[in-house]
Amino acid sequence: MATNKVVRLIAPSRSASSRFLEPVSRFLSSGTPPPQPPQSPSPSPNEDRVVKPDQKLQENLQMPKEEEDEEGGGGEFFNKDTGEIGGPRGPEPTRYKKEEMNEYIMHLLLLSHAYVVPQLKRVCEWHLEHGLLTTENVIDVFQLALLCDFPRLSVISHRMIMKHFKELYATEAWTAMKKSHPFLEKELRDSVFIEENARKERIRKRNEERIYSQLYEAMEALVHICRDGCKTIGPHDKDLKPNHATCHYEACKGLESLIRHFAGCKLRVPGGCVHCKRMWQLLELHSRVCADSDQCRVPLCGNFKEKMEKQSKKDEVRWKLLVKNVLGSKKIGASPFFLPVTSSSSTMS
């Protein structure tokens, strides 16, 4: 039934000449000579000159051409409705409306491949990419694109299936594809799972990179506080002013409260203080990324460097991996007080 619709849709309309020639052909087939048409009287020379139909047709064809030349302005014409470039100006010559294209787009797509009509193929692809591809027909379009060699359309359909997988998995089209093409259905499910795992992995790596970047900034802020001072906290030989210029380290505010707590806490790390333990870990991380303990002026930096030699191999490997990731988060504009990335990676090996 659908094929008959497509045949009726793509069949050309009967022109005026074919309607006049059809009775003549039937008359000739019967063997009877056709009657002669009555001859019109020849026009007198005094009557007005009658314009021939061919001349009228030529004038009508030339008029829009002149208007197109005036409105075109040079260059190739782009039809916004069909996406055609370099085609004729004026209204679209096809007699198919948008509703008919929605109904017969799949049939036209198949016929364009079967009868090797590349221009119709491009038009069908353009219409599907710009509005006709929906969640209702995307599974059928995907299978047809693989069958009829539409690589771009298959990629676009596959992306839509990945995006609306939960919605499409419960449809009848998916069930039909599972029965007719079980291997294709399995590949689609596997690709969805792979894409989901890859998305989670990207989120995890992005969060890790953000944490390493924050740790690097905390190391810079710690050196900044211990060497130059920041607002109300700094080395004892510095004259600190509360109205000091605004600090460009976002971690300074948190480090300031953490250092004040570390200086006055009575529990400390042996007593199980969480804040003191965090400050202790930051000081140890600084000692591992620091290039010179004498220049950084961070407390306990030299003591932690001596403590590294007595640590277990397992803890040493874990710390070196952390140092490598923290230093690697700052690829441009690294601090001169820290070890370069190449040195940290060489110590890892």
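Student: What should I know about the model before we start?
Tutor: It is a predicted model, where local features need pLDDT of at least 70, side-chain atom pairs count only at pLDDT 80 or more, and totals for chains, interfaces and linings use all residues. Residues are numbered from 1 along each chain as its sequence is written, and side-chain values use heavy atoms, with hydrogens and water left out.

Student: OK. How many helices and strands are there in the protein chain?
Tutor: The protein chain has 16 helices and zero strands. Both are DSSP runs numbered from the N terminus: helices are H or I with at least four residues, strands are E with at least two.

Student: And how many of the residues count as buried?
Tutor: Of the 349 residues, 27% count as buried. Buried means under 20% relative accessible area, exposed means over 50%, and partly exposed is in between, with a 1.4 Å probe and protein chains only.

Student: Which residues have the most contacts inside the largest nonpolar core?
Tutor: Leu 222 and Phe 338, in a core of 38 residues. A nonpolar core is a set of buried Ala, Val, Leu, Ile, Met, Phe, Trp, Tyr and Cys residues joined through side-chain atoms within 4.5 Å.

Student: Which helix gives the largest share of this core?
Tutor: H10, with nine residues.

Student: What is Leu 222 in contact with?
Tutor: Leaving aside neighbours within four places in sequence, Leu 222 is in contact with Leu 255, Ile 259, Met 279, Leu 282, Leu 283, His 286 and Val 298. Contact means heavy atoms within 4.5 Å. There is also a second, separate core of 25 residues, which includes Val 141, Trp 174, Met 177 and Val 192.

Student: Back to helices. At what angle do H10 and H15 pack?
Tutor: Helix H10 (residues 182–227) and helix H15 (residues 313–328) pack at about 85°, with their axes 8 Å apart. That makes H10 roughly perpendicular to H15, a label for angles of 65 to 115 degrees.

Student: Which residues make the contact?
Tutor: H10 brings Tyr 212, Leu 215 and Tyr 216, and H15 brings Leu 322, Asn 325, Val 326 and Leu 327. Six of the contact residues are nonpolar, one is polar and none is charged.

Student: New topic. Is H6 enclosed or open, and why?
Tutor: Helix H6 (residues 138–147) is largely enclosed by the rest of the structure, because seven of its 10 residues are buried. Among the buried residues of H6 are Val 138, Ile 139 and Phe 142.

Student: What comes after H6?
Tutor: Asp 149 follows H6, in the loop between H6 and helix H7 (151–163). Phi of Asp 149 is near 60°, a positive value in a residue other than glycine.

Student: Buried or exposed, that Asp 149?
Tutor: Asp 149 counts as exposed, at 55% relative accessibility.

Student: What about Leu 300, where is that found?
Tutor: Leu 300 is in the loop between helix H13 (293–296) and H14. Leu 300 is not a glycine either, yet has a positive phi of about 65°. At 32% relative accessibility, Leu 300 counts as partly exposed.

Student: Last one: where is Ser 112?
Tutor: Ser 112 sits in helix H4 (residues 98–114). Ser 112 is buried, with a relative accessible area of 1%. Not counting residues up to four places away in sequence, Ser 112 touches Val 117, Leu 120, Lys 121 and Phe 150.

Definitions and conventions
Axes fitted to C-alpha atoms, helices over the stretch in contact; angles between N-to-C directions. Parallel < 35°, antiparallel > 145°, perpendicular 65-115°, else oblique. Nonpolar A, V, L, I, M, F, W, Y, C, P; charged D, E, K, R; others polar.
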